[in-house]
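Please look through the sequence and the structure shown below before reading on.

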Amino acid sequence: MPNFSDLGLSAPILGALAAEGYAAPTPIQLQAIPPVLSGRDLCGIAQTGTGKTAAFALPILQRLAAVRQRAAPRTCRALVLGPTRELASQIAESFRAYGAAMPLSTAVVFGGVPIVPQRQKLARGVDILIATPGRLLDLIDTGSLALSSVQVLVLDEADRMLDLGFIHALKRIVKLVPRQRQTLLFSATMPRPIAALAEDYLNDPVKVVVAPSATTVERVEQEVVFVPSDRKRDLLATLLRDPVFERVLVFTRTKHGADRVVRHLVSAGLEANAIHGNKSQPQRERALAGFRDGHTRVLVATDIAARGIDVDGVSHVINFELPNVPEDYVHRIGRTARAGAAGIAIAFCSDEERPYLRDIEKLTRCSLRAIPVPSATAVLRSGPIERPAGSRLSRNGSPPPRQGPAASGRHSLPAAGTKFRAGKPSAAGSLPAFLRRPSPTANQRSPRHINQHSED
Ligand code: AMP
């Protein structure tokens, strides 16, 4: 198996990677690092959680450190654009961790927080600037920053940037960056407008495709429960009483919907917090920090606020409401199964949402496995969910010995990457053993536990 030192990375970077506990490069790192180190442009199609931040951050750090040059005041040498505040913070955190032993400065700017400290930071000039487009343009327009010295431009989550309506800002920004530069573009999906951007902005790029566009994160086991809208909150509370739901992200379509779900859970005695665009930046940061450090087991989020959340150990993603944009489903479930771990995604689908489910299954080319709604008593009762004998998990989490044809493995967890076909629900009032995810192997986990992000 190739390791990081085969990729031509320098000693300070190798030391930082060892400190992070990364045993070997991920596929995107393997394919992207050598060409980016040699100065090539790159177009990377990679799912969330594949390690793409390091795929661009490591070679950028190494190339910048190789030239002994200080950034002039109010300029930067590398510019990384991301769609959300939390993603920008996370990228900055990664640059700082990977470049810990290098004499390079990093700054991050995004909206929703005071601009003055950001101006002060830029006044001295920075080597690496990570930004969301809106605040970046504010800083440029007020003379706090010029992009004339940018040598490397990264567009991360380019498909998200289009979704969030950044295309005009993006075009303005790219015009201000020198034509002579290295450009790296990353996207989880490759809709037509992104392909057009790639054509316009990249010069003879190396194309790295880690998974086909819009392929669902493979290690996520995906389930759907058909449940009427008015029973969703009770179903959610029932599921969450089971401790196998260790760290859970719940997605709603609207901000008010997220608040309503939190209120319901809290009144049912479950601790939960919401993160969405109506919350202030400090509130969002507090909510994420609580989720990261385990104080909050359940975080209820809208798409916009959850974009890019990278929290190790998210055991379950629950789509309380299905997104009407099927690509959002791919991003949502990518919040679990990060860094090689396994994860479970459960979609609550009401009758009205069936067309959304069809769109999701068409996009991901994968049918979600239908699981039964617990019976009314199971929904309303307050203890852990009862499972049929054949699927009950033992105290230590291992499945019980199989007995006879009824326990023929229908409920056992499938191998990673298994694609499900919609199946018949099993007996009412029971839930299969889909609730427990396989534990990750030690070297698949990153010791760095969260990172964060969201819209601007
Ligand atoms: P990303 O796709 O860049 O958001 O990365 C997802 C997660 O994978 C982050 O928590 C990283 O710290 C982690 N990670 C990145 N590269 C590696 C690696 N080579 N080995 C283990 N974990 C990694």
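In this predicted model, seven strands form an open sheet in which the pairing is parallel and the order is β10-β11-β9-β12-β13-β8-β14. Its edge strands, each of which pairs on one side only, are β10, covering residues 272-275, and β14, covering residues 369-371. From one strand to the next, the twist of this sheet averages 25°. Helix α11, made of residues 255-267, packs on the sheet and touches β9 (248-251), β10 and β11 (298-301), and the direction of the helix makes about 175° with that of β10.

Within this sheet, strand β8 can be followed in more detail. Strand β8 spans residues 220-226 and pairs in the parallel sense with strand β13, residues 343-349, over seven bridges. Val 224 stands opposite Ala 347 in β13, and Val 225 has Phe 348 of β13 as its bridge partner. With β14, strand β8 also pairs in the parallel sense, here over three bridges, and the bridge partner of Glu 223 in β14 is Arg 369. Strand β8 is mostly covered, since six of its seven residues are buried.

A second open sheet is also built from seven strands with parallel pairing, and its order is β3-β4-β2-β5-β6-β1-β7. Here the edge strands are β3 (106-109) and β7 (206-209), and each of them pairs on one side only. Neighbouring strands of this sheet are turned against each other by 15° on average, with direction ignored.

Which residues of strand β6 point one way, and which the other way? Gln 182, Leu 184 and Phe 186 point one way from β6, whereas Thr 183, Leu 185 and Ser 187 point the other way, and all of them are buried. Because six of the six residues of strand β6 (residues 182-187) are buried, this strand is largely enclosed by the rest of the structure. Strand β1, residues 42-45, is joined to β6 by four bridges, and the two run parallel; in β6, Phe 186 is the bridge partner of Gly 44. Strand β5, residues 152-155, likewise pairs with β6 in the parallel sense over four bridges, and there the bridge partner of Leu 155 is Leu 185 of β6.

| Strand pair | Sense | Bridges |
|---|---|---|
| β8 and β13 | parallel | seven bridges |
| β8 and β14 | parallel | three bridges |
| β1 and β6 | parallel | four bridges |
| β5 and β6 | parallel | four bridges |

The next topic is a pair of helices. Two packed helices are described by the angle between their axes and the distance between the axes. For helix α3 (residues 52-66) and helix α4 (residues 85-98), the axes come within 10 Å and cross at roughly 50°, which means that α3 is oblique to α4. In this arrangement α3 passes α4 in a right-handed crossing. The contact is made on the α3 side by Thr 53, Ala 54, Ala 57, Leu 58 and Leu 61, and on the α4 side by Ile 91, Ser 94, Phe 95 and Tyr 98. Sorted by class, the contact of α3 with α4 has seven nonpolar and two polar residues, and no charged residues.

A single position, Lys 175, can be considered next. Is Lys 175 buried or exposed? Lys 175, which is found in helix α8 (residues 167-176), has 9 other C-beta atoms within 10 Å and is therefore exposed, given that a residue counts as exposed if 12 or fewer such atoms lie within that distance. Lys 175 and Ser 148 are 27 residues apart in sequence, and from C-alpha to C-alpha they are 10.0 Å apart in space.

Finally, some totals describe the chain as a whole. The protein chain has 16 helices and 14 strands. Of its 456 residues, 48% count as buried. Among the contacts in the protein chain with a separation of 6 or more, 79% are accounted for by residues 24 or more positions apart.

Terms used:
Residues numbered from 1 in each chain as written. Predicted model: local features only at pLDDT ≥ 70, side-chain atom pairs only at ≥ 80, totals over all residues. Pairing = 2+ DSSP bridges. Axes fitted to C-alpha atoms, helices over the stretch in contact; angles between N-to-C directions. Contact = placed C-beta atoms within 7 Å. Parallel < 35°, antiparallel > 145°, perpendicular 65-115°, else oblique. Left-handed = near helix turned anticlockwise from the far one by under 90°. Nonpolar A, V, L, I, M, F, W, Y, C, P; charged D, E, K, R; others polar. Buried ≥ 20, exposed ≤ 12 C-beta atoms within 10 Å, placed from the backbone.
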